[in-house]
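I opened my notebook to go through one model. Here is what I looked up, entry by entry.

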Amino acid sequence: MSKIFVTRRIPEMGLEMLRRAGHEVVVSEKNAALTREELLTALKVVPYDAVLCLLADKIDEEVFVAAPSAKIFANYAVGFDNIDVAAAKARGVWVTNTPGTSTNAVAEFTLTLLLAVAKRVVEADQFIRDGKYSGWVPMLFMGSELTGKTLGIVGLGRIGGRVAEIAQKGFGMKVIYSDIVRNEKAEEELGLHFHPMLETLLRESDFISLNVPLTDSTRHLINCERLAELKPTAILINTSRGPVIDEVALVETFKNKKIAGAGLDVYEFEPKLSEGLTFLPNVVLTPHIASATDFAREGMSRLAAENILAALAGKTPGNVLA
């Protein structure tokens, strides 16, 4: 029987899979992310054979030292910027993620944010709750339509591709994209247009969806200079990773009324928000819930468990990063 530590409670599907396989599963009792000290202390209690971790857990050399018997760190996420993959590889520790499980959920939420900002739903809701509604007004909360507009997708991976499909087929939008790799198959199937220069995409787009992983090259990908390329009527949506946007530059852009709106589900200093962000009425803010559907989160739980079971059985997990 192997011992598995789970840094925070997740949907039971994956945990039950591990228990049915005869393993002991210890789940953190804290109903919040563990602090650095709490994580290190917890890992030293017993010699764990596997760790199921979350995005809020920074997994690096110090953590690997605290859990020397762990064969695998299974990240309950598609992204893995919280893990030092190189350090894990050097130690011969498996690192896995859960790709594909939340593709549709995040894509749908991306369009949800876009619609909420474009139609000014949150502003209108607050207007009603504040008791300001006195009847129909011809010019009240004028928004934007999506049909016929240009959506620029930055990063045409699984999620970006699904966003493109929904936007093109569901809303009749023109979709252009920028990526380090050209996807000619998607261009042919969906009529997408490739823009190798990000600046060109930003200038031509009515709406922009960020769907890139967080790497050294994508950190502050959207900075002061690139925000200046956007149309004054543009709307920016980010459901990828917070540090892809320089939030200080974003706040200044809004203060100067250089773009029309934004929808953010992730933040540069998460869970902290940059000063001034919450005072922008044309910015919709959500608490990192793009993948928060039963189907997606249970799928993540299942896949993380499958990765752990494979590693403990001496097999190569299906979603190996290191």
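My notes on a core, a phenylalanine and a threonine follow.

Ground rules first: this is a predicted model, where local features need pLDDT of at least 70, side-chain atom pairs count only at pLDDT 80 or more, and totals for chains, interfaces and linings use all residues. Residues are numbered from 1 along each chain as its sequence is written, and side-chain values use heavy atoms, with hydrogens and water left out.

Entry one, the core. I found 29 residues in it, and Leu114, Leu151, Ile153, Leu192 and Phe207 touch the most other members. Helix H5 (103-118) and strand E6 (150-154) are among the elements that each supply at least two residues of this core (helices are DSSP runs of H or I, at least four residues, and strands runs of E, at least two, numbered from the N terminus). H5 gives the largest share, 9 residues.

Entry two, Phe207. Not counting residues up to four places away in sequence, I see Phe207 touching Leu114, Leu151, Met173 and Ile235, among others (contact means heavy atoms within 4.5 Å).

I located Thr98 in the loop between strand E5 (94-96) and H5. Is Thr98 buried or exposed? Thr98 is buried, because its relative accessible area is 0%. Beyond four places in sequence, its contacts include Tyr76, Val78, Met300 and Leu303. From Thr98 to Gly155 I noted 57 residues in sequence and 18 Å in space, C-alpha to C-alpha.

Key:
A nonpolar core is a set of buried Ala, Val, Leu, Ile, Met, Phe, Trp, Tyr and Cys residues joined through side-chain atoms within 4.5 Å. Buried means under 20% relative accessible area, exposed over 50%, partly exposed in between (1.4 Å probe, protein chains only).
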